[in-house]
Each structure stands twice: as C-alpha cells, then as structure tokens.
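Trainee: I am new to this structure. Please pick one part and take me through it closely, then show me what lies around it.

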Amino acid sequence: MRLAPKATILRHALDFTYRGELSATPNDRASQKRLRRYTPLQKTLTELLYRFQQQHPNAYKDLHDPSLSQVIYGTALGELGINMTQTAAITHDELPLSPVKFQRSVLNASYSQCAIEHGITSAATALARGFLTTDAAIALADMLLAAGDCAHVLVLIGAENTEAVLQEPAPDDAPLAYGQALWLSRHLSQAAGDFILADIRQTLSAAEGTNDEADADFLGLVPWQPPIAGDKGERIVRNASGEGYVSHWLSVGTESPGASS
Amino acid sequence: MSFAPAEPSPTAITAIAPRSCLGSDLGAIVTAIASGTPSLNYDHGFGVRSPMGLLADRSGESDDRLLALFSGAIAEALTASGMLRRYEPKDIGLIIGTTTFGYSQTAAFFAEHGDNAPAHGSPELNARIGGDALLAELRRRFELAGFGAVIGTACTSSAMAIRLAHRLVGSGQVAACLAGGFDVITPMTVQGFSCLQLLDENPTRPFHTDRAGINLGEGGAIFAIEPDTRITEKIALGYVFGGASTCDAHDLTTPDPEGREIRRCIAETLTACQMLPEEIALINTHGTGTTLNDAAESLALGQVFGPRYDDGLSAEVAAQKVTGGEEPLVVQATKPYTGHLLGGAGALETALAMAAPIKAEDQTLPRLSCSFGFGGSNVCLAVSPSPHFGGVT
C-alpha cells in the first residue's frame, strides 16, 4: 500500500443516537419552539453539527466557507416513515396530503433543514447507496478531494429508526434516529488522532472480500468506526448483491478522534 | 486558509439519450419546442386539473417504468457513444438522479395489507424501494462497475449527477461515466405538489407576471461523459466545461427571495470555466412558473448578466418559446413544452441548452443550464455543442 503525497485524512468523527434527548442544541425558548417541529432525523443531524461546533470550532468555521468545504449527505432511505405515511394516505384516499410532510419526504430535506439551522451554504450532495451508503459517500469525498474540488468534505450520514418513529407511543429507549459526521480533508501533514485513508475501492462480488465484513448495526447502514488497536485497519462492507467497498485506514499517533454518542 | 479549487479539463459528451413527452430524439424535441407545438394535456387520469407532459409508453407501475426508462437510455447511450470500445465496463461509472423510485412498490404494499398494513412497511419492502435497488439492478444489467451512486437532491438530482460525473471524469478519478436521471409522475408527486398549491391549472407561464405554478412532466436524459483528451472532435457531441453547486440554507421549498446562492452558483460556474458573462450565448433557466422561483432566478440572472438578460427574458416571455432570436443572450424556459420533470429536469434541460438553435456564428459558444430544487439545492452547468454536433436541424 503506497500513500499518495496528499492523502485524504479523517480528522474528526462524531456520531449521535437520538433517543428523545438533545444536549448540544441550544435550549432557549425560541430554539425549543423551532426544534419541536423537527423530525427525529432533522434533530439528529442538527444536534450532531452543534456537537461538531463545540468540539471542533475551527472545522465548523471552515464548513461555512463554501470556497473550502462541501457536504455529502448519505442516507439510505431518508425520511422513510414520512414516505410510508404519505403513501398509505394516498392508497387509503386520505387526501389532501400534509404539505409539511410532503416537503420533508424529499431525500435531501433532513440535511437541508440542518443547513438552514446552521446557515451552511456550501455545496451539498445527497446520495443513497443502501447498505454501502457510508462507504460510497467516503469514496466520493476521497475523489472530490483528490480532484482538488475542495479542501474539506463533511460526510454526514443519517438514518431514521422507522419502526420506533411510527410506534405510538415510541418505546422509551428506542433509538429514533442515528447520525454520523466525518470530517475529511486533503493535507500534506497529519496530526495525532487522524486516520489516513490509504485506499478505498469497490469490490464486485463476494469472492473479492473476506469473511470479516462489518455488520450493519443501524438500519442497514454501516457506520464508520475507528480501527481498534492492533487492527490492520481494513474495513469491508458488502451488500446482498455482493457489491462492496474495501478501505484501509492508518491511524496517526494514539489519540483517537473516535465516536462520541 | 486559502484554497483554490482546481476545475478539471472540459469533458466530452459522447452521447445523450433523452426522453420526454416530445419524444426520444433530441433534434425532434428541440424542433417541437421551437415551433411551439402543444405537448401537455389534461388527459392523464391523476384527478387534478393541471396539464401534464406524459411519456407515450405508460405501461407498468411507476417503479417498473423508471427501471425501463433508465435501462433503455443507458443502453442507447452506451451504443451511441461507442464507450464500450474504449473502456472496460468495470471502469465506467453510473451516477443517476431520481426522486420517485419506490412509490409503486410501497403503494402496492399498503393496498395489499389494507388497514392491517404495518405503518413502517417491512424489511423486505424497504430493501426494494431505496434508490440503491434501482442502481444495483442497472449496474448488474450492464455490468458497469465503476463508481455508482444515486443522487437525491430533488429537482437538481440529474444535473448534480452530471456535475459530479464531470468532476470525477475530468480529474481522472473515474475513467468514464454515464450520468443523468429520470422521473415519472406518481400519485405522490401529483398530490404533493397539489397540496402545496403549486400546480397551475393552465399551461405554465415561466416569468410571466401572471404565472401561477408548474405543470408536471415525465422524462429526463442520460449523458455519456468521457475525458476530452481521449475523444476526437468528430465523436464528441459537445462538452461540459464545468459547473457549480450551492445551497440556499433558507427554506425547504421556497428559494431565498434575494437569489443570493443562485447568483453565486452562476457566478462560480463562470469563474470555474474562466468565462465572462458576455461569452455566454444562451441560458436555460430553471423557469418553473412559480411566483417565488422565477422571481429569485430572474433577480440572480439579471445581476450576473445585466441588460443582456433582461432583453433576452423579454423576448422569451413575449414568445414563450425557444426562438433562434436575434438577442445576443438567448433565454429559454422549456417546461411549458415538457412539463417539470423533477429529478430528470436538469439532465434533459442541459441537453436542450446544448442543442438549442441559435445564430450560426454563435452556435458553438458556451451555454448555461440552471437547475434549482427543494432544500435550496442549486446547480449550474456550462456546456456547448461541438462543431460537428448534428442533433438539431
């Protein structure tokens, strides 16, 4: 494995599982009133970026500079629960639809609400790749960085726990939604705590992978996890069709940017 | 920190496979638009009084129709471009945009289970209705194994797919790519836009003072995009010079009334392509016919292009058709003839921008195509036909 002089570096990784409680989102009356109307997925992404702001203020500042940063929002099914209820309403002839729900049913809507909340005007793409969504987003980020399209990419992953969201009432401890933020940059130098993306490639069939592929541990998504100590740093994901991604990650120093729920 | 984005080399467009209510031949579509041929109709059976631009073939459920649309267009683009003579399928990427896949399978699930249907569907259903299911089937059929993704940025989806394909191919990250997108009309889109009160009962009138909303349509286009350096001029239909994308961060469905991010998107496209506003021969507007979108778009275009845009817009509104006008800047809005193709709009309209007949001496000058979508997604692309492009008579 040879590293390019300018490698893609995973500098910060945060994740958040929403169970009805937010901690970093402002709790003044105006914010509470505004946030009350958000879907669980919108709240999750919004909270995630407030945590990102608190923990990595310089990166958060760069995220707001469109000349530096782009956003790739990856979500396998978007606001699946809303789509289900809207489709059921049409099927059962319960019209008209709710305008608010229709707006939210669009795949990029949850990120867009988050962008409004945080005032982010940087270029944003929303992509869906099912089980491979996280890795496809990372691969696209890696290529855009290598192409010199931008200096940083925020890969933002979101998934809604449809079953919990649609249960009345939702189980107390059921995760309502999950989000992950990965801050990727193209740099000549690395710092302790960084993970270098040595390579990432698609695999075409099960024969190309090994048996230790990552499990989908949240609604068919495979969140990125820092390789553990002694790990060879290989991440393998594969879908039911046999398509997959294999990536190699090298850690710099001992400090982990790891996940914080 | 300072950062100067590297705009890749122009990429060559070696095939375009369009689909719309005006047909599947780009030259015929442009000719029909230029002649002002009425193409939208009220005989659609969706239960609302608003004309629509429907594809001729309406057999099958919406998900099957989308699969057939993509599949047919990809096959056509692969054949017409001759791409497979230059690249292995494993090196060809596929980036598609769509917003309506999954509807008919979900509706069938609820129809089948009636009042007993689980509100959250089923794992089996959910595995079939994501865009990835569509992409995986297309990749399998054509054995395309380069980078693949489904883009879901509402009405910019297919334009965003082309923009990404251009960036990845132009920078050498992907060898070659098929990109674009389609949408078909489903009860969800009809009822959704109806509840937002955005459907015009009459033929849509972009930029008119009495405009009253959109008409829906079906279709889109697939582009074959290859590195310019590997394509002789005689093979290229045209070129993508570059593009830009911005986000309004204003509202989920309405644009920033000041059009700030639309303006920046257009300006950044010109900057990325090292072009001046006066070098642009034609603008394909997003031109939905809604009060707010057209106002924001018009404001932004006027600020970038000045009186040339205002003059061109006046001619467009007066004629409400694509003309080979005498104005230095041709402004076109094609949705009155195709309907709003939602996720497919950006790709088809980029093709229409490239193929629009303008003054012979300006024919190969760059043109811009603008696409805007829910969530404040903005995409602008700069394209031009090659001197040998023969798609339009």
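Mentor: Start with one pair: Thr11(B) stands opposite Val240(B), a residue of strand S6(B). Keep in mind that this is a predicted model. Strand S6 of chain B is the part to look at, and it spans residues 238-247.

How many of the residues of S6(B) are buried? The count is 9 of 10, so the strand is mostly covered.

Now look at the strands that pair with S6(B). Strand S1 of chain B, residues 11-19, pairs with S6(B) in the antiparallel sense. That pairing has 3 bridges. Strand S10 of chain B, residues 377-385, also runs antiparallel to S6(B), and 9 bridges join the two. Ser245(B) has Val379(B) in S10(B) as its bridge partner.

Arg19(B) sits in strand S1 of chain B and Glu76(B) in helix H2, residues 62-81, so the pair ties together parts that are 57 residues apart in sequence. Are the two partners buried or exposed? Arg19(B) counts as buried because its relative accessibility is 13%, below the 20% cut-off. Glu76(B) is partly exposed, at 29%.

Next, the other chain. S6 is among the elements that give two or more residues to the side of chain B that touches chain A, but first take the contact as a whole. Here 61 residues of chain B are in contact with 65 residues of chain A. The two chains bury about 5000 Å² between them. Of that area, 67% is on carbon and sulfur atoms. Between the chains there are 13 residue pairs in polar contact, both residues being at pLDDT 80 or more. There are also 4 salt bridges.

Which elements of chain B take part? Those giving two or more residues are helices H4 (103-113), H5 (123-129), H6 (131-142), H7 (157-170), H8 (187-195) and H9 (260-272), plus strands S3 (148-151) and S6. H8(B) gives the most, with 6 residues. By class, this side of chain B has 32 nonpolar, 20 polar and 9 charged residues.

Strand S3 of chain A, residues 124-128, runs antiparallel to S3(B), and 2 bridges join them. Leu127(A) has Ile151(B) as its bridge partner.

The closest N and O atoms of Arg129(A) and Asp132(B) are 2.4 Å apart. Both residues are buried.

Helix H9 of chain B holds a pair of its own. Glu268(B) forms a salt bridge with Arg264(B), at 2.8 Å between the closest N and O atoms. Being 4 residues apart in the helix, they are separated by about one helical turn. Glu268(B) is partly exposed at 31%. Arg264(B) is buried at 18%. Elsewhere, salt bridges that share partners join Arg129(A), Glu243(A), Asp132(B) and Arg139(B) into one network.

Finish with chain A. Chain A has 8 helices and 8 strands. Buried residues make up 61% of its 261 residues.

Take two residues there. Gln180(A) lies in strand S5, residues 177-187. Gln180(A) counts as buried because its relative accessibility is 1%. A polar atom of its side chain lies 2.7 Å from the backbone oxygen of Trp224(A). Gln180(A) also touches several other residues, among them Leu14(A), Thr134(A) and Ile157(A).

Arg19(A) is in the loop between strand S1 (7-18) and helix H1 (29-36) of chain A. Arg19(A) is partly exposed, at 46%. The residues Arg19(A) touches include Asp172(A), Asp173(A) and Leu176(A).

Methods. Residues are numbered from 1 along each chain as its sequence is written. Chains are lettered from A and ligands numbered from 1 in the order in which they are written. This is a predicted model: local features need pLDDT of at least 70, side-chain atom pairs count only at pLDDT 80 or more; totals for chains, interfaces and linings use all residues. Side-chain values use heavy atoms; hydrogens and water are left out. Buried means under 20% relative accessible area, exposed over 50%, partly exposed in between (1.4 Å probe, protein chains only). Two strands pair if DSSP finds at least two bridges between them. Contact means heavy atoms within 4.5 Å. Buried area is the accessible area (1.4 Å probe) that two parts lose on being put together, summed over both. A salt bridge is a side-chain nitrogen of Lys or Arg within 4 Å of a carboxyl oxygen of Asp or Glu. A polar contact is a pair of N or O atoms within 3.5 Å; within protein, one must be able to donate a hydrogen and the other to accept it, and residues adjacent in sequence count only if both atoms are side-chain atoms. Ala, Val, Leu, Ile, Met, Phe, Trp, Tyr, Cys and Pro count as nonpolar, Asp, Glu, Lys and Arg as charged, and the others, Gly among them, as polar. Lists of a residue's contacts leave out its neighbours within four places in sequence.
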